[in-house]
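Q: I would like to learn how to read a protein model, feature by feature. Can we go through one together?

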Amino acid sequence: MIEVQPIDQLVATLLPFAHGSRVGFLKGKDFSASKEFDAIENFLGISLQCRLVVDFAEWLRSYEELQRNCDVLLLGNPVSIRDWDAARAREVIAERTRIPTGAWDAWMREYALVTFATDPAEQGIWAAAAAKAILAGRSPAEIPVVRNRKAKIFRNMAMAKQLGVVFPMEFIRQSWAVERNISK
């Protein structure tokens, strides 16, 4: 199973809450970030405003800039950002977020309005079924390569309130609420 982030679903969910279609991308600058950005652009078939940052000060400037110049913001994880200050980032996000934001890592759900995280259980179930098939005599070459399809969806209710977003009932049924106010 090839793990693919459900960015298409994420952007499709965020766009109805946006005032346009300009999408920004903000993440720490590391080996995989450029490849991830290129893959997302190609997958979505759109041009993204990309900011790959080295340190927290640059992240703050880029966050502000993308809030002004985009309609939706995709937030990558900050693992490679030097001097990352999680508490300060939460404050800035709580005070200055003006556009719908999305993430794809479950632990980033406090930083984004909506998070579509891959579901590790899907991969485990697929791997177990593949192993059982092999043990039953099937050749590994006969097992097709597939991509994941499921996501665990989180909706950040404090941010929804801040942005005036009212989620449709079907989305509420499919997602998990993040109740904690990120500014605390």
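Q: Where does Val54 lie?
A: Val54 lies in the loop between strand E2 (48-53) and H3. Keep in mind that this is a predicted model.

Q: Is Val54 buried, partly exposed or exposed?
A: Look at the relative accessible area. Buried means under 20%, and exposed means over 50%. Val54 has 33%, so Val54 is partly exposed.

Q: Which residues is Val54 in contact with, leaving aside its neighbours within four places in sequence?
A: Val54 is in contact with Lys29, Ser80, Ile81 and Arg82. Val54 and Phe31 are 23 residues apart in sequence. In space they are 12 Å apart, C-alpha to C-alpha.

Q: How confident is the predictor in the protein chain?
A: The mean pLDDT of the protein chain is 92. Of its residues, 97% reach 70 or more. Among the elements, H3 has the highest mean pLDDT, at 98. H2 has the lowest, at 83.

Q: Let us turn to helices. Which residues of H1 are buried?
A: Start with the general idea. An α-helix has 3.6 residues a turn, so residues three or four places apart point the same way. Now the case here. In helix H1 (residues 7-14), the buried residues are Ile7, Leu10, Val11, Thr13 and Leu14. Their arc around the axis is only 160 degrees, so they are on the same side of H1.

Q: What do the buried residues of H1 pack against?
A: They pack against several elements, including strand E1 (23-28), helix H2 (31-44) and strand E5 (114-118). Helix H7 (169-174) is also one of them.

Q: Which residues of H2 are buried?
A: They are Ala33, Glu36, Phe37, Ile40 and Glu41. These residues line one face of H2, because they fall within an arc of 130 degrees seen down the axis. They pack against H1, E1, E2 and E3. Now turn to the face away from the buried side. That face carries the exposed residues Phe31, Lys35 and Asn42.

Q: And which residues are buried in H4?
A: Ala89, Val92 and Ile93 are buried there. The arc is 100 degrees, so the buried residues line one face of H4. What covers them includes H3 and helix H6 (157-163).

Q: How many residues has the largest nonpolar core?
A: In soluble globular proteins, nonpolar side chains tend to be buried together. Here the largest nonpolar core has 42 residues. Trp59, Leu74 and Val114 have the most contacts inside it. Take Trp59, leaving aside its neighbours within four places in sequence. Trp59 is in contact with Leu26, Val53, Leu75, Ile81, Trp84, Ala89 and Ile93.

Q: Is Thr101 buried or exposed?
A: Thr101 lies in strand E4. Thr101 has a relative accessible area of 0%, so Thr101 is buried.

Q: How many aromatic pairs does the structure hold?
A: The structure holds nine aromatic pairs. One of them is formed by Phe25 and Phe37. Their centres are 5.6 Å apart, with 50 degrees between the planes, and the pair is tilted. Phe25 is in strand E1 and Phe37 in helix H2, twelve residues apart. Both Phe25 and Phe37 are buried.

Q: What is the angle between the planes of Phe56 and Trp84?
A: The angle is 90 degrees, and this aromatic pair is edge-to-face. The centres are 5.2 Å apart. Phe56 is in helix H3 (residues 56-69), and Trp84 is in the loop between E3 and H4. Phe56 counts as buried, at 8% relative accessibility. Trp84 is partly exposed, at 24%. Phe56 and Trp84 belong to one aromatic cluster with Trp59, Tyr63 and Tyr111.

Q: Which ring does the charged end of Arg109 sit over?
A: The charged end of Arg109 sits over the ring of Phe154, 4.7 Å from its centre. The charged end of Lys152 sits over the ring of Trp176, 4.5 Å from its centre.

Q: What is phi of Asp83 near?
A: Most residues other than glycine have a negative phi. Phi of Asp83 is near 65 degrees, a positive value. Asp83 lies in the loop between E3 and helix H4 (86-96). Asp83 counts as exposed, at 58% relative accessibility.

Conventions. Residues are numbered from 1 along each chain as its sequence is written. This is a predicted model: local features need pLDDT of at least 70, side-chain atom pairs count only at pLDDT 80 or more; totals for chains, interfaces and linings use all residues. Side-chain values use heavy atoms; hydrogens and water are left out. Buried means under 20% relative accessible area, exposed over 50%, partly exposed in between (1.4 Å probe, protein chains only). Helices (H or I, at least four residues) and strands (E, at least two) are DSSP runs, numbered from the N terminus. The arc is that of the directions from the helix axis to the C-beta atoms. Contact means heavy atoms within 4.5 Å. A nonpolar core is a set of buried Ala, Val, Leu, Ile, Met, Phe, Trp, Tyr and Cys residues joined through side-chain atoms within 4.5 Å. Rings of Phe, Tyr and Trp (its six-membered ring) pair if their centres lie within 6.5 Å; planes under 30 degrees apart count as stacked, over 60 as edge-to-face and the rest as tilted. A charge sits over a ring if NZ of Lys or CZ of Arg is within 6 Å of the ring centre and within 35 degrees of the ring normal. pLDDT is the predictor's confidence in each residue, from 0 to 100.
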